[in-house]
Amino acid sequence: MTMHSVDRRFLPLLAAVAVLGMGLIAGCSKSKRAGVSLRHMGERVQVGPLIYTVLDAEWMQQLGPGEKPRLPQKRFLILKVNVTNSGGMDSTVPALTLEGANGETFAEQTDGEGVTDWLPILRRLSPAETLEGHVLFDAPQGAYRLRVREEADLAQEEGQERSELIGIPLNLRAPPVLPAR
């Protein structure tokens, strides 16, 4: 028996050990992130009893027409979201947070003046109830991740906060062009 034939017999075993090792490494890195994964706009993302869907994202330089529009410090980002309570009890929808690639965070704005179908910051849903509307952020224009969380009371009962991230890509669509008169 040559050394070359011995190596061939152990190849399946070595491959299995390598795959198992990679699986363990991937499993350990996932547990450090507490199960948070990056999801995409349009996907249903469940955190506890709440199911979030980000339907649209639009950047604005101002809110409202006229002589006194509302101006941002950076840029306004308006997200159209849908939130459903799939649980059996009333649930509070926590405020949303934008996270940049550099770790900078931006809180949801508490004033929705100038935003059509604005979802107020205090949101409570009955079982099987769905809210759909817009939330507002003031942030530099760019790609972000939206952190959606479980209701704080439920997270405290279970000893940890559960959250997920939804990717918000940079979309530079041009405003509609009005026909010349």
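Author: The lining of the second largest pocket divides into five nonpolar, five polar and three charged residues. The model is a predicted one. That lining has 13 residues in total, and those nearest the centre of the pocket are Glu 58, Met 60, Ile 78, Val 115 and Thr 116. The space in the second largest pocket comes to about 170 Å³.

Val 83 has a relative accessible area of 4%, and because the cut-off for buried is under 20%, Val 83 counts as buried. Beyond its neighbours within four places in sequence, Val 83 is in contact with Leu 50, Ile 51, Tyr 52, Val 93, Leu 125, Glu 129, Thr 130 and Leu 131. For one of these, Tyr 52, the C-alpha atom is separated from that of Val 83 by 4.6 Å, although the two residues are 31 residues apart along the chain.

Strand 4 also pairs with strand 9: the two run antiparallel and are joined by ten bridges. Within this pairing, Asn 82 stands opposite Glu 132 of strand 9. Strand 9 covers residues 130–139, and seven of its ten residues are buried, so strand 9 is largely enclosed by the rest of the structure.

Key. Residues numbered from 1 in each chain as written. Predicted model: local features only at pLDDT ≥ 70, side-chain atom pairs only at ≥ 80, totals over all residues. Heavy atoms only, no water. 1 Å grid on protein atoms, 1.4 Å probe; cavity = no way out; pocket = protein on both sides within 12 Å on 5 of 7 lines; lining within 4 Å. Points joined across faces, edges and corners; volume = space filled by probe spheres on them. Nonpolar A, V, L, I, M, F, W, Y, C, P; charged D, E, K, R; others polar. Buried < 20%, exposed > 50% of the residue type's maximum accessible area, 1.4 Å probe, protein only. Contact = heavy atoms within 4.5 Å. Helix = DSSP H or I, 4+ residues; strand = E, 2+ residues; numbered from the N terminus. Pairing = 2+ DSSP bridges.
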